[in-house]
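Have a look at the structure first.

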Amino acid sequence: MNLTHPAWLNTLLAVALAMSACGGGGEPHTAALDEDGCALTDTAALAASQPSALCRGKAGFNDRQLLGLGGNGRACADCHSPADRFQLSPAKAQQRLATMMATGVDDPLFRPIDANDFRVLGAAARDFTNLTVNGLVRVTMPLPANVKLLDCGAAVPCPAAAQPTAETQADVWRAVPSILDARLTGPDGQAPAWPRGPNPSGGYQLDGRIDTLQAQALSALRSHAGTTVDAKPAFLDDLAAFQNAMFSSPGVKLLAEAMGTGTAPLPDPDPVLDDLERLGKQVFNRACAQCHGNLGAHPSGSAPIRQGIAGTPTLLVRYHDILTACPRPVDTVNPPRFQFAPCSASQMANVRTYQITNSGTPPSGTACGGAAPQPPCVTRVTTSDPGRLLITGYPAAGGPGDIQKLDIPSLRGIAQTAPYFSNNTAATLEEMLEHYKQFFKRVQVQNPAAPLLTTQPGVTPPVVDRPFTDDETPALLAYLRKL
């Protein structure tokens, strides 16, 4: 889909037709329509007169004026770029910055809030490295009561003498996810559920912290568009209607419609595959679908398959840490048994060290973290993104913790949404798969029993057959490019 039809911004005839069609007097006319059947308009005044919630939402999505909301000139489409499959790539940000510098025409993508030096220079901030080099925007979240930032900045390692700061919120830098297939993401009511809320069965945003598209839009308007007056529910409903109508392919749209009507069996959203792609799908279903769906009762490509299906691991979880945050683990054995690609200097600049109290059992085995007289436990974590820890403050005691845990994204349309991961650290599909090769190697080092690396649970000795091999990589790439 392409929302950048020239008439959208500069065809006065289309505007005039739209005004006539909306009851402006005189003889009725048929307004020029875009590919979604929406009247081609370029003013906020005409947006409300669109004939459907989808069209009003589309107009609102592209509206930089946001009259009455006190915004900073940004539209949703400035970060969720229609020309970029509704995401934001570093290349697109670089292009837009170069255009702004060459023409002197303001581009609202470049607002101080998303400058690296905003916390130091405020409105005078001008360092847009994270936007233009990494394609990342600032996400600011309040610190849980038991989590503090330390005063060592981005130093790795953080000195043992570092002390907590007075900061009450944390900045993390995250990719802008595409809105495509939003209808198949968010809370789904499917197993497996996470042990803690919010949204134990999935949510919106990369960490799953928001439960509806309306709440997601309101949060984005406040934090990224700088609105000082909250949008009305009808406006948010229209935005949700637009997002729910955007799909990565016709097959995914048919799947969403079938799921909405309770059709069974659900249609396979894949297009026609050749022999290599079919082989790649077999590899995907063995190596990737345990987390990325495509099997079981909810084949949306975003929800993990249900636990307990014969031939699959049983220790699946809703939210994951796939070790893409910076810095990444380094093996202490020489030669190394796994070797992740190191983070770039600009990515490492986003690292902070967090101190978490009441965080488990110390090495001595003495109980801690409970009511007095038990002592508090303290854990320090150095990372560019603590994930759901910033929502719950829950580390590791009593089950899987929330440190660096994020939601599982859909892979539909992945070939057209580079770069990859929540911090855009894989520039290509090949780099993404290489990361997973190292990830699987580390899992086997950390847990030789390999319950997550076998499709044959309970077999002794364990059979490690889940990871894809070098010989299978071309087929897997071919299938991913067809999703």
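Where pLDDT is low, the predicted coordinates should not be read in detail. Over the protein chain the average pLDDT is 86, and 85% of the residues score at least 70.

A bit of bookkeeping: this is a predicted model, so local features need pLDDT of at least 70 and side-chain atom pairs count only at pLDDT 80 or more, while totals for chains, interfaces and linings use all residues. Numbering runs from 1 along each chain as its sequence is written, and side-chain values use heavy atoms, with hydrogens and water left out.

On to the strands. Helices (H or I, at least four residues) and strands (E, at least two) are DSSP runs numbered from the N terminus, and two strands pair if DSSP finds at least two bridges between them.

| Pair | Bridges | A bridge partner pair |
|---|---|---|
| β1 (residues 136-142) and β3 (residues 169-175) | 7 bridges | Val 139 and Val 172 |
| β2 and β4 (residues 352-357) | 3 bridges | Leu 149 and Tyr 354 |

Strand β1 is largely enclosed by the rest of the structure, because 5 of its 7 residues are buried; buried means under 20% relative accessible area, exposed over 50%, and partly exposed in between (1.4 Å probe, protein chains only).

Strands β2, β4 and β5 make an open, antiparallel sheet of 3 strands, in the order β2-β4-β5.

Val 378 belongs to β5 and is partly exposed, at 49% relative accessible area. Leaving out residues up to four places away in sequence, Val 378 touches Gln 355, Ile 356, Thr 357 and Ser 359. Ser 359 is 19 residues away in sequence, yet the C-alpha to C-alpha distance is 5.8 Å.

Finally, helix α10 (residues 233-244): its buried residues include Leu 236, Leu 239 and Phe 242. The buried residues of α10 pack against α4 (53-61), α5 (76-79) and α9 (213-223).

Technical notes:
Contact = heavy atoms within 4.5 Å. pLDDT = per-residue confidence, 0-100.
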